[in-house]
Amino acid sequence: MVDTWLAHQLFKALPENVQVILVGDEDQLPSVGPGQVLKDLLASNCVPTVSLEHIYRQADGSSIIELAHEIKKGRLPDDVTKQQEDRSFIRCQTNQIPQVIEKVVANARTKGFTAKDIQVLAPMYRGPAGIDALNKMLQEVFNSNASEKRREIKFGDVIYRTGDKVLQLVNQPEEGVFNGDMGEIVSILFAKENTDHVDKVIISFEGIEVTYTKQDLNQITHAYCCSIHKSQGSEFPIVILPVVKSYYRMLRRNLLYTAITRSKNFLILCGEEDAFRLGIERNDEMRRKTTLREKLREILSEEEMAVEKGEVHQEASYLDILMHADPMIGMENVTPYDFM
């Protein structure tokens, strides 16, 4: 999730005698910004690496893990549609996705699961199976005003209510909340009820309460359904993952792998089997063109030659040389807009 710019800032700020340990999963989604720093570091074979094999998120024997391993290999298991103890598949088409998810969520709620336990993930915002439409439907399931009158405030086309599950979209380090954090609206204060005479929404992020004025509400969105990109790094007891051909533009192996591995206990897949297969087969499209791997190998080769010639003391480590490698090599005059 670290792009080239951020990696450059990090390594530039570190003293030369510090040891850096990077932890990540190269098979998940790359950073939003340019580059694929972790993937290039691993592919360069220029830094020591250790692969962690033991799974702690899911229980031993989890079919979710077996599915994830098969996806990494580019295969869709024959039993993907077979009912498992911790996994199920519901066949449906795009226009049926909202109704299917509504029924799955309703069934989970009867078993005691809450909005915090259930996370719907989708790759696109628009359309009948998009994040926006699913959030609107799920708000009525989890936090309707029909049975219990709740305070609400309208922002554009979106209505926020007390009790809503929301997602932070921008970093606010001064408040202790960051992009991707999920919280709950605990209070709504109208302008006539406070001395500032402005509408306020108070959101709790795991005990950290942050106050938003109405004009700040562009910093949040509903989180009953969120993008797979925003879910990266999180885990949820239940994940509901719709995959249909209308998502075609976004379907790729690392996207599906990331979504599936967010699930801790139960994974409910819904959609079209062909769409899953299509996504798993698409692994090389939109491959990022970077030169970090080649530059690292070049630096290591130059270091080895210098040692052989006696220009560098034998005990000098190539890691010391790597500390001076500029991650921005080859990125002169390139901006994120060049990739849009």
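Is Cys 46 buried or exposed? Cys 46 is buried, with a relative accessible area of 1%, where buried means under 20% relative accessible area, exposed over 50% and partly exposed in between (1.4 Å probe, protein chains only).

## Basis of the report

This is a predicted model, in which local features need pLDDT of at least 70 and side-chain atom pairs count only at pLDDT 80 or more, while totals for chains, interfaces and linings use all residues. Residues are numbered from 1 along each chain as its sequence is written, and side-chain values use heavy atoms, with hydrogens and water left out.

## The chain as a whole

The secondary structure comes to 10 helices and 12 strands, taken as DSSP runs numbered from the N terminus (helices: H or I, at least four residues; strands: E, at least two). Of the 340 residues in the chain, 41% are buried. The chain exposes about 19,700 Å², and carbon and sulfur atoms supply 50% of that area; accessible areas come from the Shrake-Rupley method with a 1.4 Å probe, and for residues only the protein chains shown count as cover.

Among contacts with a separation of 6 or more, 69% are accounted for by residues 24 or more positions apart, a contact being heavy atoms within 4.5 Å.

## Cysteines

A disulfide is a covalent bond between the sulfur atoms of two cysteines. With a disulfide taken as a pair of cysteine sulfur atoms within 2.5 Å, the count comes to 0. Cys 270 is in no disulfide, and the nearest cysteine sulfur, that of Cys 92, is 4.9 Å away. Cys 270 counts as buried, at 0% relative accessibility.

## Helix H7 and its cover

Helix H7 (residues 253–260) is largely enclosed by the rest of the structure, because 7 of its 8 residues are buried. These buried residues are Arg 253, Leu 255, Leu 256, Tyr 257, Thr 258, Ala 259 and Ile 260. Their cover includes helices H3 (63–72), H6 (228–231) and H8 (273–281), together with strands E2 (118–122), E11 (236–243) and E12 (263–271).

## Thr 94

Thr 94 lies in the loop between strand E1 (87–91) and helix H4 (97–110), and Thr 94 is buried, with a relative accessible area of 17%. Its side chain is joined to that of Ser 246 by a polar contact of 3.3 Å; such a contact is a pair of N or O atoms within 3.5 Å, where within protein one must be able to donate a hydrogen and the other to accept it, and residues adjacent in sequence count only if both atoms are side-chain atoms. Leaving aside neighbours within four places in sequence, Thr 94 is in contact with Pro 128, Ala 129, Val 244, Ser 246 and Glu 272.

Phe 155 belongs to strand E3 (residues 152–155) and is partly exposed, with a relative accessible area of 27%. Beyond its neighbours within four places in sequence, Phe 155 is in contact with Tyr 160, Lys 214, Leu 217 and Asn 218. Phe 155 and Gln 215 are 60 residues apart in sequence, with their C-alpha atoms 8.4 Å apart in space.

Phe 178 sits in the loop between strand E5 (165–168) and strand E6 (182–189) and is partly exposed, with a relative accessible area of 39%. Leaving aside neighbours within four places in sequence, the contacts of Phe 178 are Gln 168, Val 170, Asn 171, Gln 172 and Pro 173.
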